[in-house]
Amino acid sequence: MSVVGTIREGSTQAPTRHPIDWKNPEFYNEEACFKEMERIFDICHGCRRCVSLCGSFPVLFDLIDEGPTMELDGVPKEKYWDVVDQCYLCDMCYMSKCPYVPPHEWNLDFPHTMLRAKAIKFKQGGATFRDKFLSSTDALGSFAGIPIVTQTVNAVNGTAAMRSVMDSTLGVDKKAWIPSYAPKKFRSMEKARRADKMAAPVSVVDGERTPGKVAIFATCYVNYNEPGIGQDLVKILQHNNIPYVLAEKEACCGMPKLELGDLDSVAKLAEKNIPALAKLAKEGYAILTAIPSCTLMFKQELPLMFPDDADVQAVKKAMWDPFEYLIARNKDGLLKTDFQHGLGNVSYQVPCHSRVQNVGKKTEEMLKLVPDTAVNTVERCSGHSGTWGVKKEFHGMAMKIGKPVFKQMAAKAPDYVSSDCQLAGHHIMQGLAELGDSAGLSKAPQLAHPISLIRIAYGL
């Protein structure tokens, strides 16, 4: 280690990311991975800046501090897996805390090293049926779209008896919130609506910053669980005379499989999604998704997995967070601000997967355009990330991580609780309910996705 390296503070330059070398057999070399973990963990031990982010760092530091030497050499290598299991790839350590990420010479990438370890574990058969089941969002989504089936599944899943069975057999914590399924899928509803109402074509008006037409990637959650979010996005686009289409074909973005370390499945999902999305990108569409994890998958993770794939890179360039797009549209002078209703007090949580896109607080900026609206913005992890927070062994930690957020969200007596990640929004609502009287709320707030709040503000 050079003298310069020991005295120079990091984070003086924008972090850069190396491609994920997942096709290289050496990527799955457990000994080499453990050696890299040892190097990184020792640096983390000497820094400890990330201790408040998630469970990985407290677990690591406790293993060190409670060991015989109080250094990393006193921690058995097999205990490294305890650190890996606590990581849900939020990326916040890399993007907001760590001073030693590239281009710093120490070249520390904690989350992608955890991803490598998860991929090794998956290859070795370490994933349980529960983990594979929960990450198969399209298979789970098969419950959606058939009214009698969804009614039955939702009713059964809501009973204490079934939650106890799920707890004991699947390892899904009986106290964790789990989503219900919609009787009609967003994609089916939207296709039927467009066929029924053949509206006159809307002219494409490009702005200096924005393409004038939008393609919607619905996402599993919007398609199967809360199609109203997608419908509200459509209403906002229509109100602003922005022509839009749905992606012709769509499968899961792959984030749940990535978090599991199942990189081959991520690649198979990309094979389904990228051709249709690349076609739209080349035709000049801005591609929008209403769930930040899906946006991030196409903006960051897939481009790092497939750095030489021109279609993947084209999709990356065309992918927008919806509020990133709407605020840019506003700066182009092409967004209507004829809001009809104030929103009162809104407690808004910025999800981790929004923050690491490095687009700024665009949702907050949009909400503040609405008159008679006060926004209490909380920039901290809610504790829930995809399938991680519902697992029996992690749900308690998810609630512990989220507790400061729950308190901050309650502090301004909100009329609405909102997060770009609707899963985080539900997790926060559960946290507020568990705080009970200590939250100091005189009335229960409503949960609404920011897209739905803007639709309400427009009076649509």
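**View 1. N241 in a loop of the predicted model.** N241 counts as partly exposed, at 43% relative accessibility (buried is under 20% relative accessible area, exposed over 50%, and partly exposed in between, with a 1.4 Å probe and protein chains only). Its loop runs between α13 (227-239) and β2 (244-246); helices (H or I, at least four residues) and strands (E, at least two) are DSSP runs numbered from the N terminus. N241 has a positive phi of about 55° and is not a glycine. The model is predicted, so local features need pLDDT of at least 70 and side-chain atom pairs count only at pLDDT 80 or more, while totals for chains, interfaces and linings use all residues. Residues are numbered from 1 along each chain as its sequence is written, and side-chain values use heavy atoms, without hydrogens and water.

**View 2. D372 in the loop between α20 (362-367) and β6 (373-378).** D372 is exposed, with a relative accessible area of 67%. Its phi is positive, near 55°, in a residue other than glycine.

**View 3. The cis peptide bond between P102 and P103.** Omega is about 15°. P103 sits in the loop between α5 (92-97) and α6 (110-123).

**View 4. The largest nonpolar core and F110.** A nonpolar core is a set of buried Ala, Val, Leu, Ile, Met, Phe, Trp, Tyr and Cys residues joined through side-chain atoms within 4.5 Å. Helix α15 (residues 263-282) supplies the largest share, 9 residues. Apart from neighbours within four places in sequence, F110 is in contact (heavy atoms within 4.5 Å) with I40, F41, C44, S56, F57, V83 and C93.

**View 5. A second, separate core.** This core has 11 residues, including M399, V405, L435 and A439.
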